[in-house]
Amino acid sequence: MSAMLPVILAARRRRLRLLACAALAAILYLPALGRPALWEPDEGRYAEIAREMVLSHDYVTPRDDGVRYFEKPPLVYWAEALSIKLLGANEFAVRLPAALASVAEVTVTAALGEAMFGAAAGLAAAMVLVLSPLVFGFARFATLDPALALFVTAALGAFWAAARAPGFDCAAGRRWFLLSAAAAALGTLAKGPVALMLTGMVGLAWLLAQRRAREILRMPWLRAIAIYVAIAAPWFVLAARRNPEFLRFFFIHEHVERYLENTEHGWGPYFFVVVAIAGMWPWICFVPLGVRELMRTRDAEAEAGASGPNPDARASLAFMLWWFGIILVFFSIPRAKLGSYLLPAMPPLAIMAGYALCRLPRIGTTSLRGVFITIALLNLGATAAIAFARSYFHSPAESMLLADALAAGAALTVASAICLAMAWRARGAAAAAGALALGVVVALGVMDKARMDAQPLGSYRQLARTIVPYLGPACRLSSYRHFVQSLPFYTGHREALIDYRGELAPFSRGPDAQQSFIASDADLARLWHDPGCAVLVVNRGDLPHVRALLGDEMSIVGCEGKKLALYNRAIPESADARLCTRDSGR
């Protein structure tokens, strides 16, 4: 294998290396992609918006449950709609764009890592990113953030390549800068102007820190703006012409006000530090080592009076530190935080960790042992904490998830112990890293199983399948004081929302939204006692109130997790319904 390494790392094999990185990511991200049910609320929302685009043939105005929905731009919806057209309305089709975006992000990261620090660093960076829990989890989850991460990574990588050229005004510099503008425009269509903001802040801050501010004037701004506008602006113009309220809601409410005022998903400023550590565990432990090695390598070159094969290593290191730091700080400022927001900041961490991994044979034994001791002890401590916590959780779903976490922790602990033993005996740093990677693969497999085990906590595919036989053409499907986002996708019926104050409420007065809302309990009671059939989804905790409101003219026809499905007809009770009745204390 060592004899083949020079052949694999040869410059002429670059395309083959990138193809191998993409294949590795696809092997991990695509199998059984459609097996888990859609997770509430995000997967259900985005799946239904794409399905309604296919049905309505309206690819300008996104709709969720028949209601105009302007929180996000449409690029990912378009990709999901295309996937649904080709593969059908199913979970695999809905998740495929996120998986492919993640595969592409891994490939771009490998190319950037290779351009910065050589072929070995690029391959190692791809392996780190592929085997990072945060990236793996969202590669198999239908949301917008993998696409944003891809386009921000591509935009910043192209910007770095433009800055590395003899000048922004030379042919190569112009090409890369314009490619960066195009990627930022696609990112804007994926999740909004945050893509442009992140790319611009990182690139300009790095240039200023490198004392290259004068080069900003030599950038082909007019062409870049023209490309950005040509790609990003048409949809915004069309959406605004068809929906006069769109621009204010999208830019002011959804971006400015949400960034400054929203407290949903509220966490402290430490949140993304924890996400970065857990989301790239255990590879995050190699990042400080990579930073140190890059600093030492450049210092050694300076002392030797030679530029070496990569004279801008320190500048590239600074670029990655600015990249990660600005995104971390930017998303840490608002109160509202989600772990997926950090996805665009993972590639620079992967490149720094990858550089450390490909330098392991040259790193001192003491430093290497210190890293593996840290990983082993933290894995052992986490596994022990999970084992201790199991005694405090008794529900079947919680017990199963803790068992999964314990299995993943055990796999990582065993792998890190093997790595430590190999490092202690100087048996080969590369083999030790390989053993650690194998342990991570096992842990990620357990993580995927945990998602299946977590379905009772946040998925309602089985409930939807149970109620479909009761939903005739004239039957009304409704939900009480909540919105089960996946029900329209699974049942093909619009879900009327009763006394609802969630994300669709701002659009409830639209002319096409009347069938999606029931204003009050009195309106529900009238609907329930009308001659037509009705199916009502309620939380178990709301069942006593709903019984008092609607009377005993109802049958429980299904349940899943914390929700029950009620039918306004008296029907023979099935075995599944009896279980629901028993669990609800009827």
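Student: Which residue does a disulfide join to Cys-475?

Tutor: This is a predicted model, in which local features need pLDDT of at least 70, side-chain atom pairs count only at pLDDT 80 or more, and totals for chains, interfaces and linings use all residues. Residues are numbered from 1 along each chain as its sequence is written, and side-chain values use heavy atoms, without hydrogens and water. A disulfide is a pair of cysteine sulfur atoms within 2.5 Å. The S to S distance here is 2.0 Å, and the partner of Cys-475 is Cys-533.

Student: Is Cys-475 buried or exposed?

Tutor: Buried means under 20% relative accessible area, exposed over 50%, and partly exposed in between (1.4 Å probe, protein chains only). The relative accessible area of Cys-475 is 8%, so Cys-475 is buried.

Student: How are α8 and α15 oriented to each other, roughly parallel or roughly antiparallel?

Tutor: Helices (H or I, at least four residues) and strands (E, at least two) are DSSP runs, numbered from the N terminus. Axes are lines fitted to C-alpha atoms, for helices over the stretch in contact (heavy atoms within 4.5 Å), and angles run from 0 to 180 degrees between N-to-C directions. Angles under 35 degrees count as roughly parallel, over 145 as roughly antiparallel, 65 to 115 as roughly perpendicular and the rest as oblique. Helix α8 (residues 145–164) and helix α15 (residues 313–332) pack at about 150°, so they are roughly antiparallel.
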